[in-house]
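Here is a briefing on one protein model.

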Amino acid sequence: STAPQRIVSRTSPSQSAGMTRLTTWLPIVSIAAGLGLWELIGRLTPPVLFAPASAAFLFLVHQTESGVLPAAIAHSLLTLITGYALAAIVALPLGFAMGRVAWVHELLHPVLTGIYAIPPAAFIPFLIVWFGLFTQSRIAIVVIMCFFELLVITATGARAIDQRLLD
């Protein structure tokens, strides 16, 4: 017989309710304690070194109301979307080709594995020299951060497709 087994709890309903209350309040208390500690340390140190949480919150509100923060967020999102799209345009077809065509895999795998072993942050100084500190270098950083992950995942997925599904 393959009837499902009933799991027996070793805690009483009152203990379970207590744990639920604890797990509900613990994150809230933790965040409040962290903010309180931040405020305390900020008030005990010079504001140039460590601003209190209240000052940071007021600055956040001011930057939002003035439109500076929303504009900066929009610019950052555009940079992220552009970099990800460029990485996907190249990595997805290349990864699919590497996963399904043996000679493409044999040709590119050693080179890409060698480059993939380099931490993406190591490319940042070169990108700054080539593109400057402008949007192009930021987009290039996003491309490099996304390209290899997309390539590896797509190639692995394409290699794992059952041939019967493609026929």
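**Fold and pocket briefing**

Along the sequence, the protein reads α-α-α-α-α-α-α. That pattern comes from 7 helices and 0 strands. Helices (H or I, at least four residues) and strands (E, at least two) are DSSP runs, numbered from the N terminus. The model is predicted: local features need pLDDT of at least 70, side-chain atom pairs count only at pLDDT 80 or more, and totals for chains, interfaces and linings use all residues. Residues are numbered from 1 along each chain as its sequence is written, and side-chain values use heavy atoms, with hydrogens and water left out.

**Overall packing**

- Of the protein's 167 residues, 19% count as buried. Buried means under 20% relative accessible area, exposed over 50%, and partly exposed in between (1.4 Å probe, protein chains only).
- Take the contacts between residues at least 6 apart in sequence: 62% of them join residues at least 24 apart. Contact means heavy atoms within 4.5 Å.

**The largest pocket**

- The largest pocket holds about 160 Å³ of space. A pocket is an open set of points on a 1 Å grid over the protein atoms alone, where a 1.4 Å probe fits, with protein on both sides within 12 Å along at least five of seven lines; lining residues have an atom within 4 Å of a point. Grid points are joined across faces, edges and corners, and the volume is the space filled by probe spheres set on the points.
- Its lining consists of Met98, His105, His109, Leu112, Thr113, Tyr116, Phe148, Leu151, Val152, Ala155, Thr156 and Arg159.
- Helix H4 (102-116) and helix H6 (135-160) each supply at least two lining residues. H6 gives the largest share, 6 residues.
- By class, the lining has 7 nonpolar, 4 polar and 1 charged residues. Ala, Val, Leu, Ile, Met, Phe, Trp, Tyr, Cys and Pro count as nonpolar, Asp, Glu, Lys and Arg as charged, and the others, Gly among them, as polar.

**H3 against H4**

- The axes of helix H3 (residues 68-100) and H4 come within 6 Å and cross at roughly 115 degrees. The contact involves Leu94, Ala97, Met98 and Arg100 of H3, with Ala102, Val104, His105, Leu108, His109 and Leu112 of H4. By class, this contact has 7 nonpolar, 2 polar and 1 charged residues.
- Axes are lines fitted to C-alpha atoms, for helices over the stretch in contact, and angles run from 0 to 180 degrees between N-to-C directions.

**H4 against H6**

- The axes of H4 and H6 come within 12 Å and cross at roughly 145 degrees. His105, Leu112, Ile115 and Tyr116 of H4 meet Phe147, Phe148, Glu149, Leu151, Val152 and Arg159 of H6. This contact has 7 nonpolar, 1 polar and 2 charged residues by class.

**Single residues**

- His105 sits in helix H4. Its relative accessible area is 17%, so His105 is buried. Leaving aside neighbours within four places in sequence, His105 contacts Met98, Pro110 and Arg159.
- Val143 belongs to helix H6. Not counting residues up to four places away in sequence, Val143 touches Gly83, Leu86 and Ala87. The C-alpha atoms of Val143 and Leu86 are separated by 6.5 Å, although the two residues lie 57 residues apart along the chain.
- Leu69 is in helix H3. Leu69 is partly exposed because its relative accessible area is 27%. Beyond neighbours within four places in sequence, Leu69 contacts Leu60, Gln63 and Thr64.
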